Amino acid sequence: MESTEIKHGILVTLQDLHPSSPLFQQGSSLRVTGNLKEYSMGTSTAVIVDGSYKLKIDAQHLRDLNFQVGSTYQFIGELLIQPDNEAVLQARVGRNVDAIDLNLYYKSLQLLRQFQAEHMIDGTT
């Protein structure tokens with residue numbers, strides 16, 4: 001029987017998603033946050049940005065999410081690497097996070113990574 005386990009989305013920033021990153025892998029389950037730059041209802045695709053970094057989102061499975069350009073969103077899904085090395089996140093979860101303090105969010109992510117690096121000796125604990 002095939003496993004239907006849904007993996008948690010690893011917290012990443014858009015700047016973490018580049019071809020030389022270990023996170024830039026086909027099928028990686030990721031959680032990303034960014035400001036909505038554009039959304040096409042016809043293709044159910046969105047583009048989120050964080051500074052100069054951007055990521056295309058395949059939002060076809062997010063039927064109840066009201067997209068508003070300029071708002072901040074968080075998505076969880078699997079990374080699909082296109083033949084031209086463009087990354088697309090196939091979102092399975094999405095939410096508006098306009099109330100989030102992004103500076104505090106990124107600071108906490110930085111502290112989480114520091115803690116994990118100091119306390120996860122072999123990567124399995």
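This is a predicted model: local features need pLDDT of at least 70, side-chain atom pairs count only at pLDDT 80 or more; totals for chains, interfaces and linings use all residues.
## Overall fold

The secondary structure of the protein comes to 1 helix and 6 strands, and along the sequence these elements follow the pattern β-β-β-β-β-β-α. The radius of gyration is 15 Å, close to the 14 Å that the globule rule gives for 125 residues, so the protein is as compact as a globular protein of that length. Taken along the principal axes, the C-alpha atoms fill a box of roughly 45 × 40 × 30 Å, and 33% of the 125 residues count as buried.

## The helix

Helix α1 covers residues 102–119, and its 18 residues reach 25 Å from the first C-alpha to the last, which is close to the 26 Å expected at 1.5 Å a residue. The N-terminal end of α1 is capped by D101, a side-chain oxygen of which lies 3.1 Å from the backbone nitrogen of N103.

## The largest pocket

How much space lies in the largest pocket? The computed value is about 290 Å³, and the lining consists of 16 residues, of which K54, L55, K56, E86 and A87 lie nearest the centre of the pocket. Strands β2 (29–40) and β4 (53–58) each supply at least two residues of this lining, and β4 gives the most, with 4 residues.

## Individual residues in strands and loops

Two strand residues can be described in terms of their surroundings. T33 lies in strand β2, the element that also supplies at least two residues of the lining of the largest pocket. With a relative accessibility of 1%, T33 counts as buried, because the cut-off for that class is under 20%. The side chain of T33 makes a polar contact with the side chain of Q74, at 3.0 Å.

R92 lies in strand β6, which spans residues 87–96. With a relative accessible area of 29%, R92 is partly exposed, since this value falls between the 20% and 50% limits. R92 and K7 are 85 residues apart in sequence, while their C-alpha atoms are 11 Å apart in space.

S44 has a positive phi of about 55 degrees although it is not a glycine, and the place of S44 is in the loop between β2 and β3 (45–50). In N85, likewise a residue other than glycine, phi is positive and near 70 degrees; N85 lies in the loop between β5 (72–81) and β6.

Are S44 and N85 buried or partly exposed? S44 is buried, with a relative accessible area of 18%, which is under the 20% cut-off, whereas N85 is partly exposed, with a relative accessible area of 40%.

| Residue | Relative accessible area | Class |
|---|---|---|
| T33 | 1% | buried |
| S44 | 18% | buried |
| R92 | 29% | partly exposed |
| N85 | 40% | partly exposed |

Methods: Residues are numbered from 1 along each chain as its sequence is written. Side-chain values use heavy atoms; hydrogens and water are left out. On a 1 Å grid over the protein atoms alone, a cavity is a set of points where a 1.4 Å probe fits but cannot get out, and a pocket is an open set with protein on both sides within 12 Å along at least five of seven lines; lining residues have an atom within 4 Å of a point. Grid points are joined across faces, edges and corners, and a volume is the space filled by probe spheres set on the points. The expected span of a helix is 1.5 Å times one less than its number of residues. A polar contact is a pair of N or O atoms within 3.5 Å; within protein, one must be able to donate a hydrogen and the other to accept it, and residues adjacent in sequence count only if both atoms are side-chain atoms. The radius of gyration is taken over C-alpha atoms; the globule rule is 2.2 Å times the number of residues to the power 0.38. Buried means under 20% relative accessible area, exposed over 50%, partly exposed in between (1.4 Å probe, protein chains only).
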